[in-house]
Amino acid sequence: MVEENLQEIGPDKSLLLVDDDEPFLRRLAKAMEKRGFEVETASSVAAGKAIATARPPAYAVVDLRLEDGNGLDVVEVLREKREDSRVVVLTGYGAIATAVAAVKIGATDYLSKPADAADIMNALISREGELPPPPENPMSADRVRWEHIQRVYELCDRNVSETARRLNMHRRTLQRILAKRSPR
């Protein structure tokens, strides 16, 4: 399996992992090393940008929300320094609007947490134009509704009153929905 992964990865096996969740970062780094990558980790936007500037990797997995800022800043630096790098944005706050923003900036793919090492590996090594396999567990109706609310909320520049007006719902109801985590 490792031999097959090495062929798919290519000659440059450098991988940058940027996430502020230290236990997750360590586990993912170990799992990706087992799959043949040469892993470098960062737990902040500043550290991620520094590594991306000094040693731009061939692959990167970047968390969207970090303690010191937005992971998309790291993606922008990666794109400036190395256009051919394959970048996967990973987040626990998945919404269509943020996925679109990540892809527009230059991310190759966008995954919601919890994503395991196999999902991340598949996203990193998938080829241009290759469609991913259909999901084994598609989004529930509640999740689709939540995604729609998040998209409208982002389009309204995170203005709760304007979002509530456009969705024809009470502002307090919308605030309660936004305060909850996304449904599975």
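**Entry 1: Asp63**

I looked up the annotation of Asp63 first. UniProt lists this residue under "modified residue: 4-aspartylphosphate", in an unreviewed entry. I then turned to the coordinates, noting that the model is predicted. Asp63 lies in strand β3, which covers residues 59-63. Is Asp63 buried or exposed? I find a relative accessible area of 5% for Asp63, so the residue is buried, the cut-off being under 20%.

I next asked which residues Asp63 touches beyond four places in sequence. I noted Val18, Asp19 and Asp20, then Gly71, then Leu90 and Thr91, and finally Lys113.

**Entry 2: Ser44**

I followed Val18 to another of its partners, Ser44, which touches Val18, Leu66 and Asp68 when residues up to four places away are left out. I located Ser44 in the loop between β2 (38-42) and α3. The side chain of Ser44 reaches the backbone nitrogen of Ala47 at 3.1 Å.

**Entry 3: helices α3 and α4**

I then examined how helix α3 (residues 45-54) packs against helix α4 (residues 72-81). The angle between them is about 5 degrees, and their axes lie 9 Å apart. Angles under 35 degrees count as roughly parallel, so α3 is roughly parallel to α4.

I listed the residues that meet in this pairing. From α3 they are Val45, Gly48, Lys49, Ala52 and Thr53. From α4 they are Asp73, Val74, Val77, Leu78 and Lys81. By class, I recorded five nonpolar, two polar and three charged residues in the contact of α3 with α4.

Which residues of α4 are buried? I found Leu72, Val74, Val75, Val77, Leu78 and Arg79.

**Entry 4: Ser14**

I went on to strand β1, where Ser14 is found. Ser14 has 18% relative accessibility; the limit for a buried residue is under 20%, and Ser14 therefore counts as buried.

What does the side chain of Ser14 reach through polar atoms? I noted a polar contact of 2.8 Å that joins the side chains of Ser14 and Asp12. I also noted that a polar atom of the Ser14 side chain lies 2.9 Å from the backbone nitrogen of Ala58. Leaving aside neighbours within four places in sequence, I listed Glu38, Pro57, Ala58, Tyr59 and Arg82 as the contacts of Ser14.

**Entry 5: the loop between α7 and α8**

I finished with backbone angles. Asp157 has a phi near 55 degrees, a positive value in a residue other than glycine. I placed Asp157 in the loop between α7 (141-155) and α8 (160-167). Arg158 is in the loop between α7 and α8, and its phi, near 60 degrees, is likewise positive in a residue other than glycine.

How exposed are these two residues? With a relative accessible area of 69%, Asp157 lies over the 50% cut-off, so I record Asp157 as exposed. Arg158 has a relative accessible area of 42% and is therefore partly exposed, between the limits of 20% and 50%.

Methods:
Residues numbered from 1 in each chain as written. Predicted model: local features only at pLDDT ≥ 70, side-chain atom pairs only at ≥ 80, totals over all residues. Heavy atoms only, no water. Axes fitted to C-alpha atoms, helices over the stretch in contact; angles between N-to-C directions. Helix = DSSP H or I, 4+ residues; strand = E, 2+ residues; numbered from the N terminus. Parallel < 35°, antiparallel > 145°, perpendicular 65-115°, else oblique. Contact = heavy atoms within 4.5 Å. Nonpolar A, V, L, I, M, F, W, Y, C, P; charged D, E, K, R; others polar. UniProt positions renumbered as here; feature names shortened; annotations may be inferred. Buried < 20%, exposed > 50% of the residue type's maximum accessible area, 1.4 Å probe, protein only. Polar contact = N/O pair within 3.5 Å; in protein donor to acceptor, adjacent residues only side chain to side chain.
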